[in-house]
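Here is a short briefing on one protein chain.

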Amino acid sequence: MGPEPTALERTSQGTFQLCDRFRIASVGRSGAGKSSLINHIFQVNDAKVSHHEPGEANIYSEFTSETNPRFILHDSKGFEPADATTFNIVRDFIKKKSDKSLKLQDQLHALLLCIKTPIAGGRVVESGDEELLKLAHQLRIPVIVVFTQYDKLIRRHMVAKEKIMKDPKELRQWGETQAAQDFEKCVDSLEGAAIRLDLDTTPRYINVSGESSFALCMRRPDFAQVTQTYTGNISPLVTMTRKLVEEDLWATWARAQQVDLPLKIELCVAKGMDYYWRALAGGIPLVGDALLRETLVRVHEEIVACWNFKDMKSVLTCEEFKHLMVYVVQDMKNNNYPKSSPVEIDKINQFVTLCTAATASFAPPAAVLGLTFLFVKWLSDAALENAVDVQRVLIAYIVDLILIMEELFQIALQPKVFGRVSWEELQEAFHAYALTASPRNTHDRVRDLVGQRGGLHPDVYLIRKAVEELVRQYR
Ligand SMILES: Nc1nc2c(ncn2[C@@H]2O[C@H](COP(=O)(O)OP(=O)(O)O)[C@@H](O)[C@H]2O)c(=O)[nH]1
Ligand SMILES: [Mg+2]
């Protein structure tokens, strides 16, 4: 065994084994918008926990969603200032779940305190909320105060002026500015609470609007376009949470959340690249001298897992999809491939038709895709090493796969698909990818990154950031 793993290695190495699901609690009054918020973050539609029995705080019950199995939710309604019993239940739960001697997976990883953004004056942070903030602070549980339904505040200001303001854009601008001013009062209230509680910093806070179908301005149908939808700040909330959770947990969070693309990309690159570095260093148990082909397969699986798709038929991990990926990166074996051939969408279509056909017998994939014998042989024989051709193929594979997964993500987010993927969606993703990020361009950039002679820069962190940057540029 080598030296102790660095923090960077540790974060990606066993994170998922260490902690498979992100455990989050949401507390706030009924109707605050907790369920809507959770539905958004994790792209599920079933995060509903009923609170029919008065006084009951069922924060102990674990909610898990079939659509997204990567998180566990504890949901509890808030407490009236006089309601000591309910508060005590929540307090005891949080205390129990913050015990560091528990396994990481059993601990509470983050707490969202949801407060409906008030649309008129009044006390914002109530005494129950204060108690909770104090407790979270003492126990060092990452907590975010989420001011929900912020769109309603904007709407209130718009409605007040909709008869006077003729320009819908101006009206919306007005609503947003006024709401921002009102929101300052919420922030003041929170800062005041922090001082009263003697916390060393103000808790993190954010305003969000989780509803996308809510009409901001209903009485003027002619304003529909600019006023109808408003969803805001969910992605920044996800980023904020990522910064607050412990380093060992960021990957678990990045995989569970389903709204923040840059965070997904960061995770994919970390997973993909680190596997390579570890394989190179001989750090993967049971793998002797790693081969390139094997490594690509593992990198492929690591990256696919980050997206958390509902892949009932295991399309994303099947051999055929991997063949397609190999086809996409074929030109990267040589530095100056004479005609760096663009991905031919016809070939992909033909291939997918064969894969999904009822009859199993068809020409070998290599033939259909026009993979050269030399390339296929090289792939299966090449040892994993610090060689430029190996690195070019590997990085191109990582970049292209992430870009395709990203397209798939957009497709899978459509309501009718709801995270489920099959060949149909994957094919659509390939099309979108071939149109937007011409592989030729990304491949040129990968060539630059790997360098003509020397190969990759030895600084793992730097390379990770450079690959992330590359992917982002082609989004
Ligand atoms: N306009 C608007 N309505 C919201 C928002 N979030 C939730 N709602 C609505 O508020 C009601 C209560 O939301 P819910 O998520 O069930 O609250 P919970 O009781 O805290 O879980 C539902 O009718 C939601 O559709 C939001 O951001 N904007
Ligand atoms: Mg609810």
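Start with Arg140, which lies in the loop between α5 (127–139) and β4 (143–148). Helices (H or I, at least four residues) and strands (E, at least two) are DSSP runs, numbered from the N terminus. This is a predicted model: local features need pLDDT of at least 70, side-chain atom pairs count only at pLDDT 80 or more, and totals for chains, interfaces and linings use all residues. Residues are numbered from 1 along each chain as its sequence is written, while chains are lettered from A and ligands numbered from 1 in the order in which they are written.

**Positive phi in loops**
- Most residues other than glycine have a negative phi.
- Arg140 has a positive phi, near 55 degrees, and is not a glycine.
- Arg140 counts as exposed because it has 10 C-beta neighbours inside 10 Å.
- Asp198 is another non-glycine with positive phi, at about 65 degrees.
- The loop between α7 (168–196) and β5 (204–207) holds Asp198.
- Asp198 has 8 C-beta neighbours inside 10 Å, so it counts as exposed.

**Lys243**
- Lys243 sits in helix α9 (residues 234–244).
- Its 9 C-beta neighbours inside 10 Å are why Lys243 counts as exposed.
- Lys243 and Pro142 are 101 residues apart along the chain, and their C-alpha atoms are separated by 9.5 Å.

**Helix pair α17 and α18**
- The axes of α17 (residues 388–412) and α18 (residues 423–436) come within 8 Å and cross at roughly 120 degrees. Axes are lines fitted to C-alpha atoms, for helices over the stretch in contact, and angles run from 0 to 180 degrees between N-to-C directions.
- α17 and α18 are therefore oblique to each other (under 35 degrees is roughly parallel, over 145 roughly antiparallel, 65 to 115 roughly perpendicular, the rest oblique).
- On the α17 side, the contact residues include Leu403, Leu408 and Ile411; on α18 they include Leu426, Phe430 and Tyr433. Contact requires C-beta atoms, placed from the backbone, within 7 Å.

**Confidence**
- The protein averages a pLDDT of 82, and 82% of the residues score at least 70. pLDDT is the predictor's confidence in each residue, from 0 to 100.
- Residues 1–13 stay under 50 in pLDDT, with 17 contacts beyond four places in sequence in the model.
- Residues 50–57 are also below 50.

Methods
Contact = placed C-beta atoms within 7 Å. Buried ≥ 20, exposed ≤ 12 C-beta atoms within 10 Å, placed from the backbone.
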